[in-house]
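The sequence and coordinates follow.

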Amino acid sequence: MAAYVPVPWVSPLLYGAVLLGGLYYLAADLGDGPVLLSWRTAGFVAALAALAAVEAAGRRRSLPPLPLLLAQCVLTGAVVVLDASGLSRVLFVLLPFTAYFALGRTAALVLGALCLAGPLTGRLLTTRDWYRDTEYVSDLLMLAVGLVLAISMAAVAVGEQRARREVQEYAARVAELSAATERNRLARDIHDSLGHHLTAISVQLEIASEFAALDPHAAGRAMTEARQSVKLALGDVRQSVRALREEAARPALAAALAGWAREGGAGPRVDVAVTGEEDGYGTAALTALHRAAQEGLTNALRHARASQVSVDLRLAEDGARLTVADDGRGFTPAETTTGFGLTGMRERVHLVAGSVDIDSAPGRGTRLTVLVPRGGDER
């Protein structure tokens, strides 16, 4: 509870009212007490100033909560004793008010009960038939009402501060989750786009190096394809930067997949078939299909040592089915630790309520199947 801050204007307002009321009482000679210029008046003003200084130190967190509260209790008692007008008894309401912020509700209720029980006990010990004194009973009731209002006001202020901090903590968690989500999205984009093109460039440069002397024509074609992959990689980088600045454009999936088709040459043959219309599929769904096909083709080029790869996409009324199959060496999915590419692909597909299935075994190639429902907005 010590982290909560009392309402700053309440205490100075009461201190000022008590000071003005006490000095006016003495200046107007309204009672039989001391005159305005006396040691008691000086002590009253000094104790009230010390009380204000302790209050200011509490707001600056210069004192621990418990010593601060004890000092306020002592100084408040001194002000009440030195005040001839009796108006300073109103300061008792500040003690449970401050205690609520410093030590909690239970401490405030206990201190409020003590503030009420103290004057009542003193009256019981010194005055018979005290309950017949209308003025005293009225003052006691007003003190009780003031204590209740002070504790209620403190409870409302603490509740408001707690709610504000919870909102701030929630906003910080949302910002952290949003940042993590964006980092994951960027990681997937970098892996799926640049990773694919860099893999293709690496394969094509290896082909060019191996066939430089045996088949210069094939080596030249591999270099041409490598340069084309570099251009595509640069295009993906520009598209990613553009997506960070504004809303990503809707991908033309059929055209993107068709650009991967390749017949003959030194590398594996890539067959691409796309049927159906893209209308009705969201940007997130089309992007997930595009990246899944890209990941399947990249793995076939990088790991499978395949001679033929087929990419088949069917866009139906109820959903899309993507199949990427190769005749490479295959692997055992249950025994293979998936890398960033497969993890990112699964995350992206699951975000659009889709599913991923990998069917492979050593020596019989790999078949990647991705199902995505129509619509496919991110969840």
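Arg364 has a relative accessible area of 53% and therefore counts as exposed, where exposed means over 50%, buried under 20% and partly exposed in between, computed with a 1.4 Å probe and protein chains only. Its partner in a salt bridge is Asp359, with the closest N and O atoms 3.3 Å apart. Asp359 is partly exposed, because its relative accessibility is 34%. A salt bridge here is a side-chain nitrogen of Lys or Arg within 4 Å of a carboxyl oxygen of Asp or Glu. Side chains of opposite charge can pair when their charged atoms come close.

This is a predicted model, in which local features need pLDDT of at least 70 and side-chain atom pairs count only at pLDDT 80 or more, while totals for chains, interfaces and linings use all residues. Residues are numbered from 1 along each chain as its sequence is written, and side-chain values use heavy atoms, with hydrogens and water left out.

The structure has 5 salt bridges. Among them is the pair of Asp271 and Arg269, whose closest N and O atoms are 2.9 Å apart. Asp271 has 22% relative accessibility, so it is partly exposed; Arg269, at 38%, is also partly exposed. Another pair is Arg314 with Asp312, at 3.1 Å from N to O. Asp312 is partly exposed, since its relative accessibility is 21%.

The cysteines come next. With a disulfide taken as a pair of cysteine sulfur atoms within 2.5 Å, the count is 0 disulfides. Cys73 takes part in none, and the nearest cysteine sulfur to its own, that of Cys115, lies 6.7 Å away. Seen from Cys115, the closest cysteine sulfur is that of Cys73, and 6.7 Å is too far for a bond. Cys73 is partly exposed, with a relative accessible area of 27%, whereas Cys115 is buried at 6%.

On the surface, Trp9, Leu13 and Met153 form a nonpolar patch with about 330 Å² of accessible area together. Patches consist of residues with over 30% relative accessible area and no salt bridge, like charges being joined within 9 Å and nonpolar side chains (Val, Leu, Ile, Met, Phe, Trp, Tyr) within 5 Å. Accessible areas come from the Shrake-Rupley method with a 1.4 Å probe, and for residues only the protein chains shown count as cover. Trp9 sits in the segment before α1 (10-27), and at 52% relative accessibility Trp9 counts as exposed. Helices are DSSP runs of H or I with at least four residues, and strands are runs of E with at least two, numbered from the N terminus.

On a 1 Å grid over the protein atoms alone, a cavity is a set of points where a 1.4 Å probe fits but cannot get out; a pocket is an open set with protein on both sides within 12 Å along at least five of seven lines, and lining residues have an atom within 4 Å of a point. Grid points are joined across faces, edges and corners, and a volume is the space filled by probe spheres set on the points.

The second largest pocket has a volume of about 650 Å³. Its lining has 21 residues, with Gly86, Arg89, Asp139, Leu140 and Leu143 nearest its centre. The largest share of this lining, 8 residues, comes from α6.

There are 3 cavities of 30 Å³ or more. The second largest cavity, of about 40 Å³, has Tyr15, Glu55 and Gln72 among its lining residues. α4 gives the most to that lining, with 3 residues.
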